[in-house]
Amino acid sequence: MKAKVLFAVLVLGMVCLSANEKLFAQDTNEKKISNVGLKLNLGLGSQDFTASQDLEQGGAASLSLGYGVSQRVSLWLGISGSAHDRETDRELESSLASLELGVQYKLRPGKKFQPYGKLGLGVFVLNTEKTQVTMSGGGVSWGVGAEYRLVRFLSVGAEFYWKDFDYSRQRVGDHGEFYKLAQPVQGNSRGFMLNFTLQ
């Protein structure tokens, strides 16, 4: 009887040890996924504005250079652009360009699936070529999303973002000077982006 109990305990111990080694090996593999260092992101998606801005939803793209300062925190500098028809006059097309500096915080560092939040500051320029009117301003942007590491150096992800900004300056003509608007013009937008990140 004692031999059977001892044998059962030994078998159970070996099973537990084997399972523990597998878990340790999985943890080690996941820890090889690093967020530290340089990274490059290409985003493709869409952007929409509030109804008062007379701009239809349009395609958007972004290109960003980032640096992971830790497993959780990355800094990003990026440019983005989108093109939009006017809702009331389809012959008028406007384009929005922005330069943004932001910080990203990841919730599950070292894992293949990593949800995150982003917060940033940006400069925004809206140009309507046919009327030669250009407006510029600044504000904040934020987003929530997640990325999945396909291989060690490539991730794909999806992100919902919001941009809260006002245009405070305007220029008429290609070579005129910008002047300050008496009242800021709202330029808020929101959108969705598919992201491809090399790191």
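**Close-up views of a predicted model**

The lining of the largest cavity is made up of 12 nonpolar, 14 polar and 7 charged residues. Here Ala, Val, Leu, Ile, Met, Phe, Trp, Tyr, Cys and Pro count as nonpolar, Asp, Glu, Lys and Arg as charged, and the others, Gly among them, as polar. The model is predicted, so local features need pLDDT of at least 70 and side-chain atom pairs pLDDT 80 or more, while totals for chains, interfaces and linings use all residues. Residues are numbered from 1 along each chain as its sequence is written, and side-chain values use heavy atoms, with hydrogens and water left out.

**View 1. The largest cavity holds about 470 Å³ of space.** A cavity is a set of points, on a 1 Å grid over the protein atoms alone, where a 1.4 Å probe fits but cannot get out; lining residues have an atom within 4 Å of a point. Points are joined across faces, edges and corners, and the volume is the space filled by probe spheres set on them. The count is 1 cavity of 30 Å³ or more. Of its 33 lining residues, Ser62, Ser64, Glu100, Lys118 and Glu159 lie nearest the centre. Strand 4 gives the most to this lining, 6 residues (strands are DSSP runs of E, at least two residues, numbered from the N terminus).

**View 2. Strand 9 pairs with strand 1 and with strand 7.** Both pairings are antiparallel, over 10 bridges with strand 1 and 10 bridges with strand 7; two strands pair if DSSP finds at least two bridges between them. Look for Gly43 opposite Asn195, and for Lys163 opposite Ser189.

**View 3. Lys106 and Glu147 form a salt bridge, 2.6 Å from N to O.** Lys106 belongs to strand 4 and Glu147 to strand 6, so the pair ties together parts that are 41 residues apart in sequence. Lys106 is buried at 2% relative accessibility, and Glu147 is buried at 8% (buried means under 20% relative accessible area, exposed over 50%, partly exposed in between, with a 1.4 Å probe and protein chains only). A salt bridge needs a side-chain nitrogen of Lys or Arg within 4 Å of a carboxyl oxygen of Asp or Glu.

**View 4. Lys130 and Glu91 meet in a salt bridge, 3.1 Å from N to O.** Lys130 sits in the loop between strand 5 and strand 6 and Glu91 in the loop between strand 3 and strand 4, so parts 39 residues apart in sequence are tied together. Lys130 is exposed at 56% relative accessibility, and Glu91 is exposed at 59%.

Notes. On a 1 Å grid over the protein atoms alone, a cavity is a set of points where a 1.4 Å probe fits but cannot get out, and a pocket is an open set with protein on both sides within 12 Å along at least five of seven lines; lining residues have an atom within 4 Å of a point. Helices (H or I, at least four residues) and strands (E, at least two) are DSSP runs, numbered from the N terminus.
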